[in-house]
Amino acid sequence: MENLNPGIYVAAELLDGKFQNHLEMAHCDEVILTQDYEHSLLATAFSGQGYSNVIRSLISDDADTGILIDEIPSSFVGKTYKEYEDYLWNAGNPGGVLVGLLLNTGNFHQRRKEALREAQKNPDFKTIISDLQKVKTLKSNEPVLTPPSDMVIQKNSKAILVKGKKMEGKL
């Protein structure tokens with residue numbers, strides 16, 4: 001499919017994680033490891049700490065609660081994670097609690113083309129080489145949970161938020 005349309009977003013489900021590297025080499029945008037998730041969930045359920053209930057809440061069918069991916073205003077590109085976190089905190093966290101960033105969002109081929117274009121704009125040859133090497137290791141939709149507060153927000157980043165349901169009358 002990518003040969004016909006390199007801009008297509010590709011997600012794949014794998015029953016066996018041993019084939020994941022093949023999909024990564026083919027630049028599949030998302031790989032869902034069904035059996036690995038199931039095994040991990042079952043193993044932690046035996047701890048008796050309610051892990052499966054937490055996961056169920058985080059990935060519920062409710063579009064307004066759980067793990068949410070949200071746009072970051074363009075005015076925060078080039079600013080730090082802490083500055084964006086403070087902005088959300090001062091706004092009363094209307095979208096939920098910020099837990100991280102999703103880097104290089106969208107289609108791998110588009111992100112790679114953009115990174116190549118940016119690398120070629122620099123007049124310094126050493127910087128161009130360094131930037132081109134970074135393009136080779138580029139991963140799309142890479143989550144960074146609880147990044148350092150001085151991490152600079154890059155273009156094509158989104159916010160990872162956790163939002164719960166209102167608890168009315170419950171202790």
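Trainee: What share of the contacts in the protein chain with a separation of 6 or more comes from residues 24 or more positions apart?

Mentor: Such residues account for 66% of those contacts, where contact means heavy atoms within 4.5 Å. The model is predicted: local features need pLDDT of at least 70, side-chain atom pairs count only at pLDDT 80 or more, and totals for chains, interfaces and linings use all residues. Residues are numbered from 1 along each chain as its sequence is written, and side-chain values use heavy atoms, with hydrogens and water left out.

Trainee: How many helices and strands does the protein chain have, and what makes a run count as one?

Mentor: There are six helices and six strands. Both are DSSP runs numbered from the N terminus: helices are H or I with at least four residues, strands are E with at least two. From the N terminus on, the order is β-α-β-α-α-β-α-β-α-α-β-β.

Trainee: What makes strand 1 (residues 11-14) and strand 2 a pair?

Mentor: Two strands pair if DSSP finds at least two bridges between them. Strand 1 and strand 2 have four bridges, in the parallel sense, so they meet this condition. Within this pair, A12 stands opposite V31 in strand 2.

Trainee: Why is I69 called partly exposed?

Mentor: Its relative accessibility is 46%, so I69 counts as partly exposed.

Trainee: Why do strand 3 (66-71) and strand 5 (142-145) count as edges of their sheet?

Mentor: The open sheet has four strands in the order 3-6-4-5, with antiparallel pairing. Strand 3 and strand 5 each have a single partner strand, so one side of each is left without a neighbour in the sheet.

Trainee: How do you know that strand 5 is paired with strand 4 (residues 97-103)?

Mentor: Four bridges join these antiparallel strands, and L101 stands opposite V144 in strand 5. Helix 4 (residues 81-90) packs on the sheet, touching strand 3, strand 4 and strand 6 (158-163). The direction of helix 4 makes about 140 degrees with that of strand 4; axes are lines fitted to C-alpha atoms, for helices over the stretch in contact, and angles run from 0 to 180 degrees between N-to-C directions.

Definitions and conventions: Buried < 20%, exposed > 50% of the residue type's maximum accessible area, 1.4 Å probe, protein only.
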